[in-house]
Amino acid sequence: MSDLSELLKRVEAATGPDRELDAHLAVIAGLNMCFCDYEAGSYHGDCPPPGCGEPLGLHDERHSYPVQWQDDERLPAYTASIDAALALVEKVLPGWRRQIFEDRSGGWTARLVSPSSDVVSTDELKPPPTASLAILAALLRAKIAAESTP
């Protein structure tokens, strides 16, 4: 799932921490996350072509896929951790200002502003399940907006 709009829909629909969503967000961070895909040469042993698209795990020259990729401590818990979500914002959109608010009803608003203030991404999830998901939704909206701005 490399399409940012589809990823945004999944973040907005999430109800809490989600390791599969973390795996797709890892790709944005530049981590070498592998997914079941015959064309890429990575697939489950019993999965028919073209592959199911499910995560297989992080891969580098020293490590292969863990038996349980969800337990791989190298994969940040973006959907579970405010710190991990903010670190992703800094990696993907360095220098952007970040604001996070919790309203009286427990709702979350995350706002990202570009260094030149020409792109502002605000996301209010109602009812927002977590602050980290609000941050991630704002990040994806900002990235989509920044890529469409000349």
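Author: Start with Phe101. Is it buried or exposed, or something in between? In this predicted model, Phe101 has a relative accessible area of 38%, which makes it partly exposed. Phe101 sits in strand 3, which covers residues 97-102.

Now look at what Phe101 meets. Set aside its neighbours within four places in sequence. Its contacts are then Gly107, Trp108, Thr109 and Arg111. Take Arg111 from that list. It is ten residues from Phe101 along the chain, and their C-alpha atoms are separated by 8.6 Å.

Thr109 has a relative accessible area of 14%, so it counts as buried. From here we can look toward another part of the chain. Ala138 is 29 residues from Thr109 in sequence, yet the two C-alpha atoms are 8.7 Å apart.

Stay with strand 4 and go past its end. Ser114 is in the loop that links strand 4 to strand 5, residues 120-125. Beyond its neighbours within four places in sequence, Ser114 touches Trp96, Arg97 and Val119. Of these, Arg97 falls within the range of strand 3, residues 97-102. That is the strand where we began, with Phe101.

Time to step back. How many helices and strands does the protein have? There are four helices and five strands. Their order from the N terminus is α-α-β-β-α-β-β-β-α. The protein has 150 residues, and 41% of them count as buried. Consider contacts between residues at least 6 apart in sequence. Of these, 44% join residues at least 24 apart.

Now for the inside. In soluble globular proteins, nonpolar side chains tend to be buried together. Here, the largest nonpolar core has 34 residues. Tyr78, Leu88, Leu112 and Leu136 touch the most other members. Helix 4 gives the most, with ten residues.

Tyr78 then contacts Asp22, Leu25, Ala26, Ala29, Leu31, Ala84, Ala85, Leu88, Ser132 and Leu136. Two of those, Leu88 and Leu136, are named with Tyr78 among the core members that touch the most others.

Finally, the helices. Two packed helices are described by the angle between their axes and the distance between the axes.

Take helix 3 and helix 4. Their axes are 8 Å apart, at an angle of about 15°. That angle is under 35 degrees, so helix 3 and helix 4 are roughly parallel. Their crossing is left-handed. Helix 3 brings Ile82, Ala85, Leu86, Leu88, Val89 and Val92 to the contact, while helix 4 brings Ala131, Ser132, Ile135, Leu136, Leu139 and Lys143. By class, that gives ten nonpolar residues, one polar and one charged.

Helix 1 packs on helix 4 as well. Their axes come within 9 Å and cross at roughly 160°. Helix 1 is therefore roughly antiparallel to helix 4. This crossing is left-handed. From helix 1 come Leu4, Ser5, Leu7, Leu8, Val11 and Glu12; from helix 4 come Leu133, Leu136, Ala137, Leu140, Arg141, Lys143, Ile144 and Glu147. The classes here are nine nonpolar, one polar and four charged residues.

Helix 1 meets helix 2 too. The angle is about 145°, and the axes are 11 Å apart. The crossing is again left-handed. Leu4, Leu7, Arg10 and Val11 of helix 1 meet Glu20, Leu21, His24, Leu25 and Ile28 of helix 2. Six of these residues are nonpolar, one is polar and two are charged.

Notes: Residues numbered from 1 in each chain as written. Predicted model: local features only at pLDDT ≥ 70, side-chain atom pairs only at ≥ 80, totals over all residues. Heavy atoms only, no water. Core = buried A, V, L, I, M, F, W, Y, C linked by side-chain atoms within 4.5 Å. Buried < 20%, exposed > 50% of the residue type's maximum accessible area, 1.4 Å probe, protein only. Helix = DSSP H or I, 4+ residues; strand = E, 2+ residues; numbered from the N terminus. Contact = heavy atoms within 4.5 Å. Axes fitted to C-alpha atoms, helices over the stretch in contact; angles between N-to-C directions. Parallel < 35°, antiparallel > 145°, perpendicular 65-115°, else oblique. Left-handed = near helix turned anticlockwise from the far one by under 90°. Nonpolar A, V, L, I, M, F, W, Y, C, P; charged D, E, K, R; others polar.
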